[in-house]
Amino acid sequence: MSFGDVPRRATPRPLNRRRRVGPLIPTLVILAILLVLLLVFASIWTDVLWYRQLGFLRVLGTEMVAKTILFLLGAVVMGAAVLGSLVIAYRSRPVYAPVSMEQASLERYREGLEPMRRLVTVALPVIIGLFAGSAAAQQWQTTLLWLNRTPFGVDDPQFGMDVGFFVFTLPWLQFLSGFFTAVVFLAGLAALVTHYLYGGLRLQGVGNRITSAARLHLGVVAAVFLLLRAVDYWLGRYALSTKQSQRIPITGLTYTDANAVLTARGVLAVIATMIAVLFLVGAFVERWRLLPLYGVALLVVSAIIIGGIYPAIVQRFQVTPNALTLERTYIQRAIQATRDAYGLSDVEVIPYAARSKAEAGALRDSAETVPGIRLLDPLIVDDAFRQLEQNKQYYAFPDSLDVDRYTIEGKTRDTVIAVRELDLGDVPAAERNWVNDHLVYTHGFGVVAAHGNRRASDGKPVFYEGGIPPNGELGRYEPRVYFGERSPVYSVVGGTSQGRQMELDYPDDASPNGQRNTTYTGQGGVPVGSLWTRLLYAIKFQDQNLVLNGDMNDQSRILYDRSPRERIAKVAPFLTLDGDPYPAVVDGRVVWIVDGYTTTERYPYSSTQILQEATADSLTETTTSVVALEAQRVNYMRNSVKATVDAYDGKVTLYAWDENDPVLKAWSKVFPGIVEPASKISGSLMAHLRYPEDLFKVQRQLLTRYHVTDAGAFFGGQDFWRIPDDPTRGQGEYQPPYYLTLQMPRQESTAFSLTSTFIPVGGQRNVLTGFLAVDADAGSQAGRPRDGYGQMRLLQLPRDTVVPGPGQVQNNFNASPEVSTELNLLRGGGSKVENGNLLTLPVGDGLLYVQPVYVRGQGTGTYPLLQRVLVAFGDQDRIGFAPTLDEALDEVFGGDSGANSGDSGGTPPPDTDDGKTPDDEAGQPSEAQKRLQAALTDAAEAMRDSDKALKAGDFAAYGAAQKRLNEAVQRAMDAEADMRGSASPTSTTSTTTTTTTTTAGG
């Protein structure tokens, strides 16, 4: 033995001289710990108070208990494994460290580590355990779903196992496998480093380079690791059922997966198990210590050959030449599973040979549908609502209004509705202070509703509910809106210690100070009468005024987390919520209605969708009141819950809408009693429930491909569709779906519906290939939706039928000389023309397009007025463009459409400022409007005469026609100025670029 290999005694531990620490540092540390504990306690206890007030404390308790248990288990298991490995490796270190250059280098590290070795041995596992516990706590939903799993009653076609195994059990098993793999890996890494540092494992020198203790320790760890890898390989066989195929556009197993990859993963699981046994043998039998290394090499080679090369050979030489034949079974599985998972199995496909020519009287059989054509565009008329019904600058309406239906004068009518909410951002800066922001300006006031298919004679909406206090057809209801989409972060309500009413209720010119005040008497919010509770909320909101203010009393309550979606998300964390909450007046209260979805990405064979991409459209891109869903991956979606939030007291109620949904059943076991049965839905609430918009968006996206139910046709992809871009917006923004009242073919009567269109995928052909409508009317019977609700009908147009798509129709409108002439006249004086939503309706055995045209005056404070309606039918060139829908329809259908839309005007409620109804809002056209219409007619005739004279070379007649045209233009501009109450413009050369906007139905 050379001198360099002579063992020597390990260097003794140096003495550790401790320096005395003064009292300041421990005091600061203790104070910091107490401060952190106080912050944590304030956060937790205020949450307890919030959930308890709403009656959902069980939700918070269950979530916190589940997270705590998982955190502790994860932290303890990980920390104990790492600590155990460190301790075992250190205690089994060789008594005499070999002397070598390698060990000499390590000696410096050992000496440097020794003074803090015990600290590192404890601190490292604790830190790693905290991270592991946090990761484990994030799986609380996976764990609770597994514990409360419910069968789907549908078997997977490949493995013959219930779908519930893939949705509930497989994610839990994969979590366990992944977590324990991380535990073993980190424990093994800790053991490996410790053995190497203290000489149990050497990379240099002669003789055995690993001690028996190190070999045993590392061998057992490696064996456990490989067993976990075997489990992962085996579970990976089932995970193939939700794998996205890279070769064909389906999810789940393909032929190669079922006949090669499945077998390969099973074989690799067996090989990994065998090698784990070899590691155990090698750990105990020294002469077989090299066998595990050969086994690892075998596993690597097997993974490459069996797991990679073999499936590639099957794909290339067996599948690719016979793809359609071999993949047919798997494509058919994917089609069926996708349609089942998204509720598309019962879509009624109707061949629709749309008539392309308009004939007189063609709409006579559609007399019930035509009056339901909504002309009021909820995205455009928000400015009209704001100018006519805002009342004060601190009130606001959303930038996209909502569409609902109400029974008015015994008839159900489509309605554009909005809540007059409080917006602190518009309170004058001079009035912004803590008291005003949190004690005075506390709530909005009332709703405003207008007929969806009517307009006043000057183009204003016809309101049937509005004003402050509320006045109209909706009767008496509680108008105060303390919980809404624009509510302040928090408000303190309930009166003052002096008994004064501090809250601004609504403006009132008859009151001495110009306003009415009120005191909140509801049960919403958390009581903050005690100083201790106010202190906790002062910490939560980082606002000392909650403690210092002297106006609060024993009845004071703090309102926060006031957005409907925010409140529901907190009490039902398992739901994905629709991006468009909408208000309704129900039983004398304003309530917000929000659709809740149960989802999973584990449904076998079903196509995966990214919700953000599927629900984004031109509406979500241009507004803040309607949002696309988050970028969540799902392949199963159900509208399982209808949720309401009371706008006055913030009460949240969840109703089980799809009581057969297995995912909802599982969550109902997790949180028993928080979801009410559908039988408790009142008839008045049922009348305002509708088919959810975001679910429909996801379904229509899927139907672009999965309307094809034959595997062969799906494989070819020639009949795939796409959703058209919104023709009034830029490219890349989908046209949103629209709520309309219509009657589809094979439908017995008209129904409130949600609609969308399809055009061919790829290329530049903008022709209609399909029209989709779902019955969105839940009826008005208490406890159950009406028969037919949710029924989807898909009109499929023959390939040899050419009906223009939305983009082509919009181009036809824009290119029409007659339309352009009148639009240029309407733009006179700097006015701006805005095209509204382009609606598509199946009427008259064909497809009808209707688009409202609004004109907005120049300057601030203006709002759009509905001045014209564009109409097209089929593929004919004739375009209707008239002040009313009836006139536009008659222009297209040979002078008589055969139907009456009823949009010729209406009388709005009294003006809220002076209590008088303006003359120009009466049911009959005003004198100025009559003059405007006559001038536009004369201008159009003069334009036609000019064209004829120019073609004939008659320049005298051309000059006379141009003179008449200029006179007509000036008369039109004078009449328009009179309608707006402004001075007549003197120039006829002003122009404005057309702005085109559109919106979904709310």
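The structure is a predicted model. A total of 35 salt bridges is counted in it, and the ones described below include a network that joins D382, D383, R386, E834 and R856 through shared partners.

**Helix contact**

- Helix α2, which spans residues 57–91, and helix α5, which spans residues 140–147, have axes that come within 9 Å and cross at roughly 105°, which means that α2 is roughly perpendicular to α5.
- On the α2 side the contact is made by T62, E63, A66, K67 and L70, while α5 contributes W140, T143 and L144.
- By residue class, the contact of α2 with α5 is made up of four nonpolar, two polar and two charged residues.

**Three-stranded sheet**

- An open sheet is formed by three strands in the order β11-β15-β14, and the pairing is antiparallel.
- Because β11 (490–493) and β14 (526–527) each have a single partner strand, they stand at the edges, and one side of each is left without a neighbour in the sheet.
- Strand β15, residues 557–560, runs antiparallel to β11 and is joined to β11 by four bridges; within this pairing, Y490 stands opposite Y560 of β15.

**Surroundings of R793**

- R793 is part of strand β28, residues 792–796, and with a relative accessible area of 11% R793 is buried.
- Leaving aside residues up to four places away in sequence, R793 touches E348, I350, M744, P745, R746, Q747, F771, L772 and A773.

**Salt bridge between D257 and K243**

- The side chains of D257 and K243 form a salt bridge with an N to O distance of 3.2 Å.
- This pair links distant parts of the chain, 14 residues apart, with D257 in helix α8 (residues 255–284) and K243 in the loop between α7 (212–239) and α8.
- D257 counts as buried at 5% relative accessibility, whereas K243, at 27%, counts as partly exposed.

- R386 and D382 meet through their side chains in a salt bridge of 3.2 Å, N to O; both residues lie in helix α11 (residues 382–389), four residues apart, or about one turn of the helix, and both are buried.
- R856 forms a salt bridge with D383, in which the closest N and O atoms are 2.8 Å apart.
- Because R856 lies in strand β31 (residues 846–856) and D383 in helix α11, this pair ties together parts that are 473 residues apart in sequence.
- R856 is itself buried, with a relative accessible area of 12%, and salt bridges with shared partners place R856 in one network with D382, D383, R386 and E834.

Technical notes:
Residues are numbered from 1 along each chain as its sequence is written. This is a predicted model: local features need pLDDT of at least 70, side-chain atom pairs count only at pLDDT 80 or more; totals for chains, interfaces and linings use all residues. Side-chain values use heavy atoms; hydrogens and water are left out. Axes are lines fitted to C-alpha atoms, for helices over the stretch in contact, and angles run from 0 to 180 degrees between N-to-C directions. Helices (H or I, at least four residues) and strands (E, at least two) are DSSP runs, numbered from the N terminus. Angles under 35 degrees count as roughly parallel, over 145 as roughly antiparallel, 65 to 115 as roughly perpendicular and the rest as oblique. Contact means heavy atoms within 4.5 Å. Ala, Val, Leu, Ile, Met, Phe, Trp, Tyr, Cys and Pro count as nonpolar, Asp, Glu, Lys and Arg as charged, and the others, Gly among them, as polar. Two strands pair if DSSP finds at least two bridges between them. Buried means under 20% relative accessible area, exposed over 50%, partly exposed in between (1.4 Å probe, protein chains only). A salt bridge is a side-chain nitrogen of Lys or Arg within 4 Å of a carboxyl oxygen of Asp or Glu.
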